[in-house]
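Please look at the sequence and the structure before reading on.

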Amino acid sequence: MVTKLFSTILAMIISITLSAQKRDISKPILNSGDVENFITNFKPLDAELEKLNVNHEAGQDFQDYIQGLEAKSEVNQVVQKYGYTNVSDFVSKALAISFSYLTIKIGSETSPELEKSLKQIDNDESLTPKQKEQAKEQRKQMTEALNSAFSSMVNPQDIETVKPFMSKLDVVFKEEEGEE
């Protein structure tokens with residue numbers, strides 16, 4: 001089965017987290033051109049990588065996975081066609097954009113997603129008032145934990161670089177989710 005690029009990125013995120021590998025976030029790696037390039041080229045790049053059957057298997061070491069991709073000249077040719085130096089450059093920027101995006105999306109306690117989730121809990125008639133309060137508190141704690149996890153993997157300047165592109169990235173990531 002061919003794995004979508006967004007799913008691959010998500011698998012990489014999980015792999016990084018589970019293997020306790022830290023990304024070097026001491027220096028920002030993004031500029032506005034990087035984000036614009038990602039937005040413009042994500043869909044066609046994803047389609048080309050999908051044709052190459054690029055996927056990441058659960059449990060596979062992240063470093064080995066990237067080295068394996070770099071060894072495939074056709075993968076490097078695809079990412080170079082879209083303005084990236086090599087697979088590592090693409091993955092680094094894609095992860096920085098994804099982590100920044102997720103940090104921004106999850107980071108706001110008043111985010112529409114959180115509010116929607118809390119309303120769903122309130123409207124769940126199968127829960128007692130005490131269970132609703134517990135569920136809401138757990139949801140808020142989970143949001144805080146996710147925000148902390150993602151924000152610890154990205155440079156604050158990269159987050160600021162991504163902020164002006166949030167509506168365009170919403171479209172990119174929502175389209176990708178819809179294709180699964």
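**Aromatic cluster and helix contact**

One aromatic cluster is formed by Phe38, Phe42, Tyr101 and Phe173. The model is predicted: local features need pLDDT of at least 70 and side-chain atom pairs count only at pLDDT 80 or more, whereas totals for chains, interfaces and linings use all residues. Residues are numbered from 1 along each chain as its sequence is written, and side-chain values use heavy atoms, with hydrogens and water left out.

Reader: How many aromatic pairs does the structure hold?

Author: Rings of Phe, Tyr and Trp (its six-membered ring) pair if their centres lie within 6.5 Å; planes under 30 degrees apart are stacked, those over 60 edge-to-face and the rest tilted. The number of aromatic pairs in the structure is five.

Reader: Are the planes of Phe42 and Phe173 stacked or edge-to-face?

Author: Phe42 lies in helix H2 and Phe173 in helix H9 (residues 166-178), 131 residues apart. Helices here are DSSP runs (H or I, at least four residues), numbered from the N terminus. The ring centres of Phe42 and Phe173 are 6.4 Å apart and their planes stand at 65°, so the pair is edge-to-face.

Reader: Is Phe173 buried or exposed, and at what relative accessible area?

Author: Buried means under 20% relative accessible area, exposed over 50% and partly exposed in between (1.4 Å probe, protein chains only). Phe42 is buried, at 4%. Phe173 is buried too, with a relative accessible area of 2%.

Reader: What is the angle between the planes of Tyr84 and Phe90?

Author: Both Tyr84 and Phe90 are buried. They form an edge-to-face aromatic pair, 5.1 Å centre to centre, and the angle between the planes is 75°.

Reader: Which residues in H5 meet H2?

Author: The axes of H2 (residues 32-51) and H5 (residues 87-107) come within 11 Å and cross at roughly 115°; axes are lines fitted to C-alpha atoms, for helices over the stretch in contact, with angles from 0 to 180 degrees between N-to-C directions. Contact means heavy atoms within 4.5 Å. From H2, Asp34, Val35, Phe38, Leu45 and Leu49 take part, and they meet, in H5, Phe90, Lys93, Ala94 and Ile97.

Note on methods
Helices (H or I, at least four residues) and strands (E, at least two) are DSSP runs, numbered from the N terminus.
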